Amino acid sequence: MNKVQNNRAWWLILPMLLLVAFSAIIPLMTVVNYSVQDVFDANTRFFTGAEWFQQMLNDPELHAAVLRQFAFSLTVLAIEVPLGIGIALIMPKKGWQASAVLILVTMPLLIPWNVVGSIWQIFTRGDIGLMGWSLRELGYGYNITASPVDAWVTIILMDVWHWTPLIALLCYSGLRSIPDAYYQAARIDRASRWAVFRYIQLPKLTNVLVIGVLLRFMHSFMIYAEPFVLTGGGPGSSTTFLSQSLTTMAIGQQDLGPSAAFSLIYFLIILLVSWVFYTAIMNMQKDNKKEGEA
């Protein structure tokens, strides 16, 4: 006898589907429409096909911005993920100390993105900023407006300070979900701290690391407010990332067709790399399960 399924619950998510359609799908289709047209005004436009996509893919400035963006995203991920795991491992598990540390760790996440840029802009000034003044007193000619290296290091430090707490909190929640029986078995087997981390904690962190890595990659690849406020994309174009290039093209130059094609390429890059990260982490999880079963 076939069981009759009640699908009336789908009506509960219909408002959300309509909201997503209005806020995401319709604007996306509008961008697709602009990407294949040359728009002069509201009533004058010409079909161009893939011309804007070819122009963007052959643009050397876009190539340079893509390389800068990948360099930034991969650098902050390489720092924030291990650092976040390390912080989560040393955070207290019980008592008032755990609550106090959780509050302190969460505080950078509560600061708006543009305010983070303003804070670090003041922090790095040579006259009133603690970091800039200290480095100059030590004899280092620190200047984010003249040195691309100083600007890059500062932006990376700013992002690490702002977003490592997210990885730490996700990993902390993953560690707290591990039953005590696993640790008791490890103590009975006299497993080392590295063995406990390698075979108990790290496999249990895979799911939260998938979330953390994907969130951090997508945000770091779309970063705009913090570096724009801190350096304005300079010196020169050394810290001009894809989001700032897109904003300049779409709003500053009013090139709607090229900017629409640019944004679609941007979206596809994020989608493709996120899929690669997800696949790699899930394959790592499968390998860890096989080792555990063996």
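## Exercises on salt bridges and a pocket

In this predicted model, the side chains of R125 and D127 meet in a salt bridge, with 2.7 Å from N to O.

**Exercise 1.** Work out which residues are linked in a network of salt bridges, and where in the chain they lie.

*Solution.* Begin with D159, which forms a salt bridge with R216, the closest N and O atoms being 2.5 Å apart. This pair links distant parts of the chain, since D159 belongs to helix 7 (residues 148–176) and R216 to helix 9, 57 residues apart. Next, R216 also meets E80 through their side chains, at 2.8 Å from N to O; here helix 9 (residues 193–221) is joined to helix 3 (residues 60–90), and the two residues are 136 apart. Taken together, E80, D159 and R216 form the network. Finally, buried means under 20% relative accessible area, so R216 at 1% counts as buried, as does E80 at 1% and D159 at 2%.

**Exercise 2.** Describe what lines the largest pocket, by helix and by class of residue.

*Solution.* The largest pocket, with a volume of about 350 Å³, is lined by 14 residues, and V31, L246, S259, S263 and Y266 lie nearest its centre. Helix 1 (10–35), helix 11 (242–252) and helix 12 (256–293) each supply at least two lining residues, with helix 12 giving the most, seven. By class, the lining has 11 nonpolar, three polar and no charged residues.

Key. Residues numbered from 1 in each chain as written. Predicted model: local features only at pLDDT ≥ 70, side-chain atom pairs only at ≥ 80, totals over all residues. Heavy atoms only, no water. 1 Å grid on protein atoms, 1.4 Å probe; cavity = no way out; pocket = protein on both sides within 12 Å on 5 of 7 lines; lining within 4 Å. Points joined across faces, edges and corners; volume = space filled by probe spheres on them. Helix = DSSP H or I, 4+ residues; strand = E, 2+ residues; numbered from the N terminus. Nonpolar A, V, L, I, M, F, W, Y, C, P; charged D, E, K, R; others polar. Salt bridge = Lys/Arg side-chain N within 4 Å of Asp/Glu carboxyl O. Buried < 20%, exposed > 50% of the residue type's maximum accessible area, 1.4 Å probe, protein only.
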